[in-house]
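Hi,

Here is the structure I promised to pass on.

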Amino acid sequence: MVINDPIADMLTRIRNAQVARHDSVTIPASNMKKAIAKILLDEGYVKSVEHLNEGIQGSIKITLKYQDKKQPVIVGLRRISKPGLRVYATCEELPKVLGGLGIAIVSTSRGVMTDRAARKENIGGEVLCYVW
């Protein structure tokens, strides 16, 4: 199966797993997906991230986090920069998701980081997605 946008596929798998109330979701691995999963873990949106070395490229197992066993912690995931339309922002133009309650994940020259970290380091980059 050919996937044109692997990051959108990752976000869709997480979204679908939460709607179905699954405990975890497994996605094919890549360095970009590992970095995004690590940010989700560091920001407290998921319980754990585990790298599995299965097959050629391996996979990532993300354990989802719920409040009171019912409501998912991640309320929304939105892909911003797509293969057909890349979205770049300077340090001053980086968006604040829900007035700072959510995060924007940004791919910069110094790696993948949140919008807060990019503002702190005074660098811009490609806005990959919003998480709230």
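Let me begin with a strand pair: Val 46 stands opposite Leu 64 in strand E3. Before going further, please note that this is a predicted model, where local features need pLDDT of at least 70, side-chain atom pairs count only at pLDDT 80 or more, and totals for chains, interfaces and linings use all residues. Residues are numbered from 1 along each chain as its sequence is written, and side-chain values use heavy atoms, with hydrogens and water left out.

Strands (E, at least two residues) and helices (H or I, at least four) are DSSP runs, numbered from the N terminus. E2 and E3 run antiparallel and are joined by six bridges; strands count as paired if DSSP finds at least two bridges between them. The two make a hairpin with six residues between them, and Gly 55 in the turn has a positive phi of about 70°.

E3 also pairs with E1, again in the antiparallel sense, over five bridges. In that pairing Ser 24 stands opposite Thr 63 of E3. The covered face of E1 holds Val 25 and Ile 27, while Ser 24, Thr 26 and Pro 28 are on the uncovered one.

The largest nonpolar core has 27 residues, and Ile 14, Ile 62, Leu 64, Ile 105 and Val 131 have the most contacts inside it. Such a core is a set of buried Ala, Val, Leu, Ile, Met, Phe, Trp, Tyr and Cys residues joined through side-chain atoms within 4.5 Å. Buried means under 20% relative accessible area, exposed over 50%, and partly exposed in between (1.4 Å probe, protein chains only). Helix H1 gives the largest share of this core, five residues.

Which residues does Ile 14 contact, leaving aside its neighbours within four places in sequence? They are Val 25, Leu 40, Ile 62, Leu 64, Ile 74 and Leu 77, where contact means heavy atoms within 4.5 Å. Ile 14 is among the buried residues of H1, which also include Ile 7, Met 10 and Leu 11. Just after H1, Arg 21 takes a positive phi of about 60°.

Finally, Ser 30 sits in the loop between E1 and H2. Ser 30 counts as partly exposed because its relative accessibility is 28%. Its side chain reaches the backbone nitrogen of Lys 33 at 3.3 Å. From Ser 30 to Ser 59 is 8.0 Å, C-alpha to C-alpha, although 29 residues separate them in sequence.

Best wishes

Terms used: A polar contact is a pair of N or O atoms within 3.5 Å; within protein, one must be able to donate a hydrogen and the other to accept it, and residues adjacent in sequence count only if both atoms are side-chain atoms.
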